[in-house]
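Please walk through this fold with me, one contact at a time.

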Amino acid sequence: MLTNNIILLMGIAGTGKMTIGEAIIAQNPHFKLTTPDSSVGPVLKLLGDNEQVFWSLNEKGWVAVNQALDVTLYTIAEVCSKESNFVITSEMLADNLYHQNYFERVQRAAIRRGAILTPVRLICELDELIERVQNNSRLAYFKTRDVELIKKRFAEDQVFFSKIPNELTLDVTHLPPDVSAEKIIRWVTNHQ
């Protein structure tokens, strides 16, 4: 049985991080899922009505968002049982300093709890990303549906590289979420 693992699902918006995270939980209920919406959704709902709120955040807004993320990471690191496992999802781009900082915060949380951190880079072909990002289910979660933004990110950036030896890169373009989840769980188990 897996214990004290943190899986960090990283990818461009629309890759399927939350959906794959939910599939991991369905296959292994010893994992708990935390998404940006579960951490910062309440803060964002106070500040705006849709994903455009991210573009209007001022310095105080970003402080509030980061504090919400830090509460989640503190709870994982210091409060939750060491037998627990977690799936954390986050859009993570290679050249984004904020994403680098967030990765370091996740890594510190894993170290504080003595957990094994497995970064998983989810990649997807552009046509499929565009189709996924337009899904209406994204409206409830402050997730972007901006096709031009996704095209720009796809052309100009890559998914974050953690440089941790057990990092997995998984192309999910043609994989159903349950198959992606199986592959990730198998990878984590094999690198335990």
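Ile24 touches Ile7, Leu9, Phe31, Val87, Ala181, Ile184 and Ile185, leaving out residues up to four places away in sequence. Contact here means heavy atoms within 4.5 Å. The model is predicted: local features need pLDDT of at least 70, side-chain atom pairs count only at pLDDT 80 or more, and totals for chains, interfaces and linings use all residues. Residues are numbered from 1 along each chain as its sequence is written, and side-chain values use heavy atoms, with hydrogens and water left out.

The largest nonpolar core has 53 residues, and Ile7, Leu9, Ile24 and Ile184 touch the most other members. Such a core is a set of buried Ala, Val, Leu, Ile, Met, Phe, Trp, Tyr and Cys residues joined through side-chain atoms within 4.5 Å. Buried means under 20% relative accessible area, exposed means over 50%, and partly exposed lies in between (1.4 Å probe, protein chains only).

Now look at the helix that holds Ile24. In α1 (residues 17–27), the buried residues are Lys17, Met18, Ile20, Gly21, Ala23 and Ile24. Their cover includes the strands β1 (5–11), β2 (31–34), β3 (85–91) and β4 (116–123), along with helix α8 (177–190). Helices (H or I, at least four residues) and strands (E, at least two) are DSSP runs, numbered from the N terminus.

Next come the helix pairs. Which two helices pack at about 155°? They are α2 (residues 36–47) and α4 (residues 59–79), and their axes lie 8 Å apart. Axes are lines fitted to C-alpha atoms, for helices over the stretch in contact, and angles run from 0 to 180 degrees between N-to-C directions. The pair α2 and α4 is therefore roughly antiparallel. Angles over 145 degrees count as roughly antiparallel, under 35 as roughly parallel, 65 to 115 as roughly perpendicular, and the rest as oblique. The α2 and α4 crossing is right-handed. A crossing gets that label if the near helix is turned clockwise from the far one by less than a right angle, and is left-handed if anticlockwise. On the α2 side the contact uses Ser39, Val40, Val43, Leu44 and Leu47; on the α4 side it uses Gly61, Ala64, Val65, Ala68, Leu69 and Thr72. By class, the contact of α2 with α4 has 8 nonpolar, 3 polar and no charged residues. Ala, Val, Leu, Ile, Met, Phe, Trp, Tyr, Cys and Pro count as nonpolar, Asp, Glu, Lys and Arg as charged, and the others, Gly among them, as polar.

Follow α4 to its other partner here. α4 and α5 (residues 97–113) pack at about 25°, with axes 8 Å apart. That angle makes α4 roughly parallel to α5. The crossing of α4 and α5 is right-handed. From α4 come Trp62, Val65, Asn66, Leu69, Asp70, Leu73, Tyr74, Ile76, Ala77 and Glu78; from α5 come Tyr98, Tyr102, Arg105, Val106, Ala109, Arg112 and Arg113. The contact of α4 with α5 holds 11 nonpolar, 1 polar and 5 charged residues.

Helix α6 (residues 126–133) and helix α7 (residues 147–156) pack at about 150°, with axes 10 Å apart. α6 is thus roughly antiparallel to α7. The α6 and α7 crossing is right-handed. Leu126, Leu129, Ile130 and Val133 of α6 meet Val147, Ile150, Lys151 and Phe154 of α7. The contact of α6 with α7 divides into 7 nonpolar, no polar and 1 charged.

Some single residues deserve a stop. Pro36 sits in α2 and is partly exposed at 35% relative accessible area. Beyond its neighbours within four places in sequence, Pro36 contacts Gly41, Thr89 and Ser90. Ile116 lies in strand β4 and is partly exposed, at 28%.

Asn4 has a positive phi, near 55°, though not a glycine. Asn4 lies in the segment before β1. Is Asn4 buried or exposed? At 11% relative accessibility, Asn4 is buried. Lys163, also not a glycine, has a positive phi near 70°. Lys163 is in the loop between α7 and β5 (168–171) and is exposed, at 74%.
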